[in-house]
Amino acid sequence: MFNVCPTCGEYRVDKIIQHTQDRTYAICPECNHPHPFLQLPLFIVTGASGSGKSTLVLELSSMTKDVVVMETDILWDDRYNQPETNYRNYREMWLRMAKNIAQAGKPVVLCGTTVPEQLEDCEERRYFGETHYIALVCESSLLEERLKRRPTWRASGSDDFIKGMVGFNRWLIEQGPTCNPEIAALDTSQDTPHETAIKLLAMIRQAAGIQPQP
C-alpha cells in the first residue's frame with residue numbers, strides 16, 4: 001500500500017516513522033512526504049509442528065472479529081526456502097501483508113513457526129507497535145504422539161523430524177522467556193482446541209487493550 005510514495009512515486013520500505021500527539025506517519029526518505037498510517041500491535045503465534053497452530057487458526061477465526069487471524073504456511077513455496085538468510089524474504093512478505101491488512105483498523109495475528117530474531121530485524125517491522133509472541137507448547141510425549149498420528153503426506157513421522165520438533169518445543173518452554181521480545185508459553189496439553197483459543201484470545205485482548213464486542 002504505502003511503500004510506494006504517493007508524491008514522488010518511489011518505492012521505499014525504509015520510511016522514517018514519526019509520531020505526533022494524534023497520528024503516526026511514514027516519512028518518505030526521497031521527498032519527505034508524510035503518509036499517515038495505523039501502527040497497530042502485531043501478534044505472532046508460534047510453536048513446533050503438532051502444537052496445534054493450524055487447528056487454532058480455525059477456532060480463533062470463528063470466535064472473534066476483533067483481530068485478523070492468518071496461517072503463514074498458506075503462501076509458502078520453494079522460492080522462499082532460503083535458510084541461509086533465515087527466510088528473510090518470506091518474513092518480509094508476511095509483515096508487508098500484515099501491515100496493509102492492519103490499516104483496516106484490526107490487529108493481525110500470524111500463526112506459524114518463527115522466533116523473534118527472524119522478524120525483529122526486518123525492514124517491515126517498523127510499521128508495527130509492539131510485537132507479542134505466544135508459543136503453543138505441550139508435553140513432549142503428547143507432541144510425539146500427535147506427529148505420529150499425522151497423515152503420511154505431511155512427512156512428520158520420521159525420528160529425526162520428531163526429535164527436532166520435541167527439541168524446539170522444549171526450547172520454547174525453557175528459553176522463550178529470555179528472548180527479546182519475550183515468548184509467552186501457552187500449554188495445550190490438557191485443553192481442547194476451543195479452550196486453547198479462548199485463553200489465547202484473552203491474552204491478545206489484554207495485550208491490545210481490546211474490549212470484547214457484544
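**Close-up views of a predicted model**

In this predicted model, the lining of the largest cavity divides into five nonpolar residues, four polar and one charged.

**View 1. The largest cavity and its lining.** The structure holds one cavity of 30 Å³ or more. The space in the largest cavity is about 90 Å³. Its lining is made up of Ile-44, Thr-72, Tyr-90, Arg-91, Trp-94, Leu-110, Gly-112, Thr-113, Thr-114 and Leu-119. Arg counts as charged, so Arg-91 is the one charged residue in this lining. Gly counts as polar, and Gly-112 is among the lining residues.

**View 2. Helix α2 at the cavity.** Helix α2 spans residues 88–102. This helix gives the most to the lining of the largest cavity, with three residues. Tyr-90, Arg-91 and Trp-94 belong to the lining.

**View 3. The pairing of β2 with β3.** Strand β2 covers residues 24–27. Four bridges join β2 to β3, and the two run antiparallel. Opposite Ile-27 stands Pro-34 in β3.

Definitions and conventions
Residues numbered from 1 in each chain as written. Predicted model: local features only at pLDDT ≥ 70, side-chain atom pairs only at ≥ 80, totals over all residues. Heavy atoms only, no water. Pairing = 2+ DSSP bridges. 1 Å grid on protein atoms, 1.4 Å probe; cavity = no way out; pocket = protein on both sides within 12 Å on 5 of 7 lines; lining within 4 Å. Points joined across faces, edges and corners; volume = space filled by probe spheres on them.
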